[in-house]
Amino acid sequence: MAMNRIQFQPGLSLPALLEQFGTEAQCEAALETARWPQGFRCPRCGQATHYVLHVGAHKTFQCQACRVQTSLIAGTLFQSTHLALTLWFLAIYLVSQAKTGLSALALKRQLGVSYPTASLIQHKLMQAMAERDARYTLAGQVLVDDAYLGGELAGGKAGRGSENKVPFVAAVSLNAEGHPVYVKMALVPGFTRKAIADWAKVDLSPGCRVFSDGLACLAGVTDAGCQHQPTIVGTRKPKDLPEFCWINTILGNLKTSLGGAYHAFDFAKRSSRINLNNLCESSIVGSWATWRR
Ligand SMILES: [Zn+2]
C-alpha cells in the first residue's frame, strides 16, 4: 500500500513536548514570551522595571514605578487557575494532537484530574480556539463543499430525508503551493443561494477565488463579492477528484473527530452547540502544522 504522506508527516512527539514544556519554569517562560515578546511592561504605566513575586501558585510581576501587581496568568486562558501550567500545556497538546477527538472523560483519565476539571479545561480550550477562529476569514484560493452531519439516528428515516441530517459548509484556504492554511466549517439553514451568500459574507474575504463542484447554490458566494469557479464533476463526486483532496481530508477528519468526542449523538438537536471548526481543527492540526512552517 502506498505511504500516505499526510499521515507520515512529523509532528510534536510527547517526549519533545515534555522536553520543551515539562517544567513549570519552561511553561511560565513560554507564556511570558507570548504575552510580552519585548519583555514585561506594566499594563498601568508602561514601565519595564519590575520585581518578580511568587505569591500564589503562579508568577506575579510588581511594577517598580507604580507598584501594581500583574499575574502572569491574568487576562489569559489560564486566569484564576490553581492548576499547574504544565498540566494545561499537556491538555493543549492532547486536545490538539488527538486525531479522533478527545472527550472530557478521556482528558480526565489522561491528565489524572476530576471530571469537572477536565470538562472545564476542555471547554476553555474549545472557547479559545473558537475566539481565534472568529478573528479571521478565508482569503485567496478557497475550496468549498457541502456536506451533512448525522443521518443515522436509530428509528429515523435514512438518507437525504433523515430528520437527523444537518447541512453544513466546509471550506479550506490554500497557499500558493496548494497546501491548506485555514479551515472554516459552518452550519447552514439549507443549501440555498441565500444561505451560502450569508455564510460567505461572514467567513470569506471579498475577492477570494472559490472552487467547488457544480452545486448551484454555491454560486451564492458571488453575492458576497467572491469569485466562483465551479468544476463540473458530472457523475463523479468531489471525493474522486484530486483537486478537492483537502476538503475530503477535512471532512474525513471531522467524521473521525465526532466519533471520538461524541458517541450517540442527536445532530439535529445538538449540532448548534458544537463548534465544528474546533473539532476539525484539532484533528487537522497534525496534517497541517508542517505545511505552515
Ligand atoms: Zn506600573
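**Close-up views of a predicted model**

**View 1. Helix 5 has an exposed side and a buried side.** The face of helix 5 turned away from its buried side carries Pro116, His123 and Ala134, which are exposed (over 50% relative accessible area, with buried meaning under 20% and partly exposed in between, for a 1.4 Å probe and protein chains only). Buried in this helix, a DSSP run of H or I with at least four residues, are Ala118, Ile121, Gln122, Leu125, Met129, Ala130 and Asp133. Seen down the helix axis, these buried residues fall within an arc of 165°, taken from the directions from the axis to the C-beta atoms, so they line one face. This is a predicted model, in which local features need pLDDT of at least 70 and side-chain atom pairs count only at pLDDT 80 or more, while totals for chains, interfaces and linings use all residues. Residues are numbered from 1 along each chain as its sequence is written, and side-chain values use heavy atoms, with hydrogens and water left out.

**View 2. Four cysteines coordinate the zinc ion.** The SG atoms of Cys42, Cys45, Cys63 and Cys66 coordinate the zinc ion at 2.3 Å, and the site is tetrahedral (four donors with all angles between 85 and 135 degrees), its angles being 100 to 119°. Cys63 counts as buried because its relative accessibility is 0%, whereas Cys66 counts as partly exposed because its value is 25%.

Note on methods
Helix = DSSP H or I, 4+ residues; strand = E, 2+ residues; numbered from the N terminus. Donors = N, O, S within 2.8 Å, 3.2 Å for Na, K, Ca; no water. Tetrahedral: all angles 85-135°; square planar, octahedral: opposite > 155°, others 65-115°.
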